[in-house]
Amino acid sequence: PCRPFHFASVLLSVGLTANAFGSTTLPAIEDEDRIRAAMNEAPAEERIFNDHITVLSSPWMGGRLPGTPGMEYARDYVIYWYKQAGLEPGMIDPDTGERSWKQPFRLGASTEFRDQELVVDGANGEVTFELGTDFELTSLGSDGRVEGDMVFVGYSIDEGNDGYESFEEDTDLTGKIAVMLRFEPMDEEGDSLWNDRRWSRKSTFASKFNAVKKRNPAGVILINPPGANDPRSGALMKGTANVIEGVPVFMLTPDAGEALTAACDPEGRSLLELRKLADAGTTIVDFDGAVTGGGVIEEIPSYAENVLGVL
């Protein structure tokens, strides 16, 4: 017959059983036989406790992750056995005022992206970028729609080494889309000019976006630059920490950045040529073209539930 658990006794019993499993005084028999022998000798409370652990850790529960059927099975299982043990619900439902077994709490959130698009109408042609292959709308910035002329701003760095500056003193990006290179000035091999060990702190998103934010852009296009000696240079990302509020931020691959440059650079230069100019110092270029883009970024909260009973 079921009876209320005395949890302290159960936990102590489980601990003693675990010690027995590892003891060298047990006969040298097969593991399954050792476990069976130990359970047969265990008090009823330990066997009941073991049965519950077996059920809750079974593949049928699927790991009991929040938001999954396995979590709901586990919750209902615990509620059922609390009732059989004679417990009473331990919570008050704030909506109904009635007693409840469940104590919901927020457990993080997931980010959903949808309706993303990015189109450039340049002096040398129109380019429609493909989501996931050419670009991503990232959570570096905010969601929303943006439309405007583009300005290439190199690496978007203030107060770099040896007096390096990406911006001119009067650079104003109000209403414009800043086109920015990832990382920092590099040499012919694609390594940092400022740090022997990968990149300096000036290459971080926080530093680069703080610099561009001062110029009040309406949006940012972040391009992985060609020739960078970094395994991340060919990859896109979208879910990451926010570093600039109220400004949509799009990330482009090197190939997509090349297509954008070919459509819009007034002197017909390649993206690599522009990168090398930015490696040397200030390179502000008013592109001949406008961009239209946007998307929705929605945070979907996740919830889990404690199950509380009162003895």
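**Aromatic pairs and their setting**

Modeller: The mean positions of the 27 positive and the 52 negative charges of the chain lie 8 Å apart, where Lys and Arg count as positive, Asp and Glu as negative, and His and the chain ends are not counted, each charge being placed at NZ of Lys, CZ of Arg, CG of Asp or CD of Glu. This is a predicted model, in which local features need pLDDT of at least 70 and side-chain atom pairs count only at pLDDT 80 or more, while totals for chains, interfaces and linings use all residues. Residues are numbered from 1 along each chain as its sequence is written, and side-chain values use heavy atoms, with hydrogens and water left out.

The chain has 7 helices and 12 strands, taken as DSSP runs (helices H or I with at least four residues, strands E with at least two) and numbered from the N terminus. Its radius of gyration is 30 Å, well over the 19 Å that the globule rule gives for 311 residues, so the chain is more spread out than a compact globule; the radius is taken over C-alpha atoms, and the rule is 2.2 Å times the number of residues to the power 0.38. Along the principal axes, the C-alpha atoms fill a box of roughly 85 × 55 × 35 Å. Of the 311 residues, 40% count as buried, that is, under 20% relative accessible area, with exposed meaning over 50% and partly exposed in between (1.4 Å probe, protein chains only). Among contacts (heavy atoms within 4.5 Å) between residues at least 6 apart in sequence, 75% join residues at least 24 apart.

Now to the rings themselves. A pair of aromatic rings is described by the distance of the centres and the angle of the planes. Rings of Phe, Tyr and Trp (its six-membered ring) pair if their centres lie within 6.5 Å, and planes under 30 degrees apart count as stacked, over 60 as edge-to-face and the rest as tilted. The structure holds 9 aromatic pairs, and one of these is the tilted pair of tyrosine 82 and tryptophan 101, at 6.1 Å centre to centre with 50° between the planes. Tyrosine 82 belongs to helix α4 (residues 69-84) and tryptophan 101 to the loop between β3 (99-100) and β4 (102-122), so this pair ties together parts that are 19 residues apart in sequence. Tyrosine 82 and tryptophan 101 are both buried.

Phenylalanine 135 and phenylalanine 250 also make a tilted pair, with 6.3 Å centre to centre and 50° between the planes. Here the pair links distant parts of the chain, since phenylalanine 135 sits in strand β6 (residues 135-138) and phenylalanine 250 in strand β10 (residues 249-252), 115 residues apart. Both phenylalanine 135 and phenylalanine 250 are buried. Besides these pairs, Tyr77, Tyr80 and Trp81 form one aromatic cluster.

Leucine 260, placed in helix α6 (residues 254-264), counts as buried at 0% relative accessibility. Leaving aside residues up to four places away in sequence, leucine 260 touches Val120, Phe129, Met150, Ile221, Leu252 and Phe287. Between leucine 260 and threonine 128 there are 9.6 Å in space, C-alpha to C-alpha, although they are 132 residues apart in sequence.
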